[in-house]
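Hi,

Here is the structure I promised to pass on. Have a look at it first, and my notes follow below.

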Amino acid sequence: MVAIALGSAALVQAAQPIIDNERVTVWDTTSPLPPAEHDFVAVSLTKKGTAVLGRKGEVPGKEGARTIVIELKDHPVAPLPNKSGYPNAFPRPHVKKLFENDRVIVWSYRWNPGEPTPMHFHDKDVVVVYEEDTALKSTTPDGTSVLNEYKDGQTKFNLRDRTHTETLVRGTGSAVMTELK
């Protein structure tokens with residue numbers, strides 16, 4: 001994909017995706033991208049806790065507004081049956097559903113200091129866009145813990161079939177999470 005910066009002088013730059021796999025291509029941009037090849041979710045980093053659904057052929061991104069664009073490739077994967085004994089990752093306390101369609105469920109979530117999420121199972125792949133610098137401790141049912149540090153705008157693709165709880169260790173923490181159907 002090639003990004004074209006708008007302005008008095010036409011500047012063309014090669015835009016490289018930050019994530020590219022069989023399910024999604026993810027772009028971190030401050031300029032409009034060429035028309036999307038697939039439907040997409042656009043997560044605004046200037047207007048925290050928001051996302052919009054875009055359609056194939058529309059122009060994702062906005063001049064001067066940092067946006068994470070998640071292009072949804074035509075590679076659906078059925079959710080896994082939850083045999084973990086724990087609830088699915090979503091819904092959960094303190095989460096807000098932004099929208100849902102036949103391809104995605106998009107959530108806005110804020111971690112609270114000292115309040116771990118319930119132990120939960122991820123039955124779907126998820127793209128997480130962190131909206132603040134934060135440190136989260138992830139703990140699996142067997143007690144194994146890992147400390148993960150994230151920066152504002154950092155984006156991760158997490159595979160389904162995971163069970164864990166998370167606790168905010170440092171900073172504040174919020175994210176927009178796009179579950180892929």
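**The sheet and the rings**

An open sheet is built from five strands, ordered E8-E9-E16-E11-E14, with antiparallel pairing. At the edges are strand E8 (95-100) and strand E14 (155-158), each pairing on one side only. From one strand to the next the twist averages 20°, with axes being lines fitted to C-alpha atoms and angles running from 0 to 180 degrees between N-to-C directions. Strands here are DSSP runs (E, at least two residues), numbered from the N terminus, and two of them pair if DSSP finds at least two bridges between them.

Before you read on: this is a predicted model, where local features need pLDDT of at least 70, side-chain atom pairs count only at pLDDT 80 or more, and totals for chains, interfaces and linings use all residues. Residues are numbered from 1 along each chain as its sequence is written, and side-chain values use heavy atoms, leaving out hydrogens and water.

Strand E11 (residues 126-130) and E14 share four bridges in the antiparallel sense; Val-127 has Phe-157 of E14 as its bridge partner.

Now the rings. Tyr-130 and Tyr-150 are stacked, 3.8 Å centre to centre with 5° between the planes (rings of Phe, Tyr and Trp, its six-membered ring, pair with centres within 6.5 Å; planes under 30 degrees apart are stacked, over 60 edge-to-face, the rest tilted). Tyr-130 lies in strand E11 and Tyr-150 in strand E13 (residues 145-150), so the pair ties together parts 20 residues apart in sequence. Ring pairs link Tyr-109, Trp-111, Tyr-130 and Tyr-150 into a cluster.

Cheers
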